[in-house]
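Here is a short report for a reader new to this structure. Look at the sequence and the model before reading on.

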Amino acid sequence: MTATTRTTLITAALLTATAVLAGPVAAAQKRPPGVPEGEVSIPVAGKTDVATSHGSLRVLKPHGPFEGARAMVVMTSQGARTTVRLKVTGVGRTAAGRTFGAHLHTGPCVAGNGAAAGPHYNTDVINGHKPVRVDHEREIWLDFTVGPSGAATASTAVRFVPRPGDRSIVVHEHATDHHGTAGARLACLPLTWH
């Protein structure tokens with residue numbers, strides 16, 4: 001083995017050892033609160049929370065296509081991201097092909113009382129940000145189009161976690177426009193988590 005080869009191998013070994021030692025030291029210097037000195041903190045995904053609701057839709061406007069309809073919603077939050085899935089079945093066949101707006105509202109679902117559901121759940125309003133922006137990034141919109149069998153599905157993902165409480169998914173008369181408006185409240189499904 002030549003002197004040049006030996007010097008190259010020693011230099012490579014020293015660089016490797018330095019890199020192996022530097023990683024944990026750098027991590028320890030930027031350790032989060034509660035991690036003792038000398039220990040390395042490995043970030044992991046945040047806690048996962050799931051809220052579900054299923055059953056008959058509560059009618060808010062009589063004689064509409066949602067009398068006798070059922071729905072299921074599953075809301076999964078992990079870290080700062082939330083995914084919501086909605087499935088509706090048993091919608092009157094006269095509604096086939098129509099698109100309805102559906103949103104998470106701040107209040108409870110009370111049959112015959114659409115006002116009880118309150119306004120849309122909007123993160124700007126909840127966090128006191130002004131001006132309030134209304135869009136699919138700050139609210140949970142689940143518009144769906146009814147198929148020939150009277151069933152529909154919708155899903156969305158947002159970069160926030162709704163605060164716990166007695167909430168509702170409200171189905172509206174029309175598809176949601178760019179202002180977040182979707183017409184009269186036709187039906188709702190309670191969604192409560194703590």
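The report covers the model, the fold pattern, the surface and the disulfide.

## The model

This is a predicted model, in which local features need pLDDT of at least 70, side-chain atom pairs count only at pLDDT 80 or more, and totals for chains, interfaces and linings use all residues. Residues are numbered from 1 along each chain as its sequence is written, and side-chain values use heavy atoms, with hydrogens and water left out.

## Fold pattern

The protein chain holds two helices and ten strands. Both kinds of element are DSSP runs, numbered from the N terminus: helices are H or I with at least four residues, strands are E with at least two. Along the sequence, the order is α-β-β-β-β-β-β-α-β-β-β-β.

Contact means heavy atoms within 4.5 Å. Of the contacts between residues at least 6 apart in sequence, 62% join residues at least 24 apart.

## Burial and surface

The protein chain has 194 residues, and 36% of them count as buried. Buried means under 20% relative accessible area, with a 1.4 Å probe and protein chains only.

The accessible surface comes to about 11300 Å², by the Shrake-Rupley method with a 1.4 Å probe. Carbon and sulfur atoms account for 58% of that surface.

## The disulfide

How many disulfides does a search of the whole structure find? It finds one. A disulfide is a pair of cysteine sulfur atoms within 2.5 Å. Here C109 is joined to C188, with S to S at 1.9 Å.

The pair links distant parts of the chain, 79 residues apart. C109 sits in the loop between β6 (102-105) and α2 (123-127). C188 lies in strand β10 (residues 185-193). Both cysteines, C109 and C188, are buried. The torsion about their S-S bond is about 80°, so the disulfide is right-handed.

How values were computed: Buried means under 20% relative accessible area, exposed over 50%, partly exposed in between (1.4 Å probe, protein chains only).
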